[in-house]
Number of protein chains: 2
Amino acid sequence: MTGSLVIVGVGPGDAAYTTPAASLALAEATDLIGYGLYLDRVPQREGQTRHASGNRVEIDRARHALELAVQGRRVAVVSGGDAGVFAMAAAIFEAVDAGDPAWRALDIRVEPGVTAMLAVAAEVGAPLGGDFCAISLSDNLKSWATVERRLRAAAEADFVISLYNAKSLARPHQLGAALDILRDVKAGDTVVLFVRAAGTAEARVTVTTLAEADPSIADMRTLVMIGASTTRLIERDGARPWVYTPRSERTPE
Amino acid sequence: MTGSLVIVGVGPGDAAYTTPAASLALAEATDLIGYGLYLDRVPQREGQTRHASGNRVEIDRARHALELAVQGRRVAVVSGGDAGVFAMAAAIFEAVDAGDPAWRALDIRVEPGVTAMLAVAAEVGAPLGGDFCAISLSDNLKSWATVERRLRAAAEADFVISLYNAKSLARPHQLGAALDILRDVKAGDTVVLFVRAAGTAEARVTVTTLAEADPSIADMRTLVMIGASTTRLIERDGARPWVYTPRSERTPE
């Protein structure tokens, strides 16, 4: 068996944020598999076969990739951001764990990438300067009670919180519910960021507070970040404020 | 004032993980500032001035960078991993917040990178497949009581936990203390990873359990990752097991 499978994170959007290792892995593949919008970001190469799919059939896509690899193909599964963060890598290993024992002999590797919250942070300053967490608001695969418990714990521990999958057409109400939970614990003047399409030319940043945060401004491409109690703004003339979280709990020198 | 300052994350080690955007920012700089080990990773270019420093003078380095930028230089501050995650970006904005108001008029931006936990995850499979957090064990700038509180909250909420700055010469005992706190809350068979130099040719992976985790195997280049209750191993013949966290709380199909 000479096939292989690499799960590739292409970063937040702009090709300048795709690592050379990821680009090489994509160039060497015979078969590319992924959600159509991510595949569209990969340069066309002669002789490569593309298998585009919708974004809600991850486990089927994972099995398809593994079957092609067993047939001897060099398969690249394409994810946005980092493949290991709320993306395809976990789905592939779930499929391996539950599937054909022959899949365990395959050459499977993961190419890391710049995940969305890092691109969001870079757009605005350094909001991840302290301890932080990332929570997916999707309850397709975990219970909403788990999401609520993690939101509350993260707020009480004063982590900076990044909300992935904050909104989708099928789940329009979770983000508002999540913000309400955070309002129970955190101060109303806590910094909140809505950042759409970070790491692309169309990036759009809204800096607001927890009291005023309006979930309706988020869409499927928006990451919502809630600051720690120490997260601060640096006001500037004629420009958006920079946002950062000091490394220290003490006042800056 | 035409100077600029860019804070660049060069990724976990190998140049193949430095984004093209980061490489371009480094190439365009007149002055490079950073911890010597990170500067050594940047290709030499004629006409560039390098300002190497030790790794414990971040706020001085930040002010130096800002002063050079005010003088009209194109300054790049070099960080390992992602500049916004326990690295130089927060120090720069702290210095701006507390410093010369003229610094607020500077062109300051951040180039994101692949942070260590993403490289660690890619080395072993997909351990960040669920909700996760990152905690620095350094108590140089925050109290150990805060670290303890966050460890306990993260364990109770069943996040995958990445420990940055797990060990240093000046802080040899924190990692053992942190593991003891986690043992109070989490099961002894919880998966624990010690990954040294992830994203380099010298990467070294130890897969163990919380009950058996030995803090003495960590050094300054080791990231320690503690799984969620659902984090699993996929055993293989003649190879390290893959490690992943299912997206679901339920048993894989």
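This is a predicted model: local features need pLDDT of at least 70, side-chain atom pairs count only at pLDDT 80 or more; totals for chains, interfaces and linings use all residues.

Reader: What rotation superposes chain B on chain A?
Author: Two copies of a chain are related by a rotation about an axis and a shift along it. Here it's 180° with 0.0 Å of shift along the axis, at an RMSD of 0.0 Å (superposed by least squares on the C-alpha atoms of residues with pLDDT of at least 70 in both). The two copies are therefore related as by a two-fold rotation axis. In chain B, the C-alpha nearest that axis belongs to B:Cys133, 1.9 Å from it.

Reader: How many disulfides are there over all chains?
Author: A disulfide is a covalent bond between the sulfur atoms of two cysteines. Searching the whole structure turns up 0, using a cut-off of sulfur atoms within 2.5 Å. For A:Cys133, the nearest cysteine sulfur is that of B:Cys133, 6.6 Å away.

Reader: Is A:Cys133 buried or exposed?
Author: A:Cys133 counts as buried because its relative accessibility is 0%. Buried means under 20% relative accessible area, exposed over 50%, and partly exposed in between, with a 1.4 Å probe and protein chains only.

Reader: What is the strand order in the open sheet of chain A?
Author: Strands of a sheet pair through backbone hydrogen bonds, either parallel or antiparallel. This sheet has 3 strands in the order E6-E13-E12, with mixed pairing. Strands are DSSP runs (E, at least two residues), as are helices (H or I, at least four), numbered from the N terminus; two strands pair if DSSP finds at least two bridges between them. E12(A) and E13(A) run antiparallel, joined by 4 bridges.

Reader: Which side chain meets B:Asp184 in a salt bridge?
Author: Side chains of opposite charge can pair when their charged atoms come close. For B:Asp184 the partner is B:Arg152, at 3.7 Å, N to O; the cut-off is a Lys or Arg side-chain nitrogen within 4 Å of an Asp or Glu carboxyl oxygen. B:Asp184 lies in helix H7 and B:Arg152 in helix H6 of chain B, so the pair ties together parts 32 residues apart in sequence. B:Asp184 is exposed at 59% relative accessible area, while B:Arg152 is partly exposed at 34%.

Definitions and conventions: Residues are numbered from 1 along each chain as its sequence is written. Chains are lettered from A and ligands numbered from 1 in the order in which they are written. Side-chain values use heavy atoms; hydrogens and water are left out.
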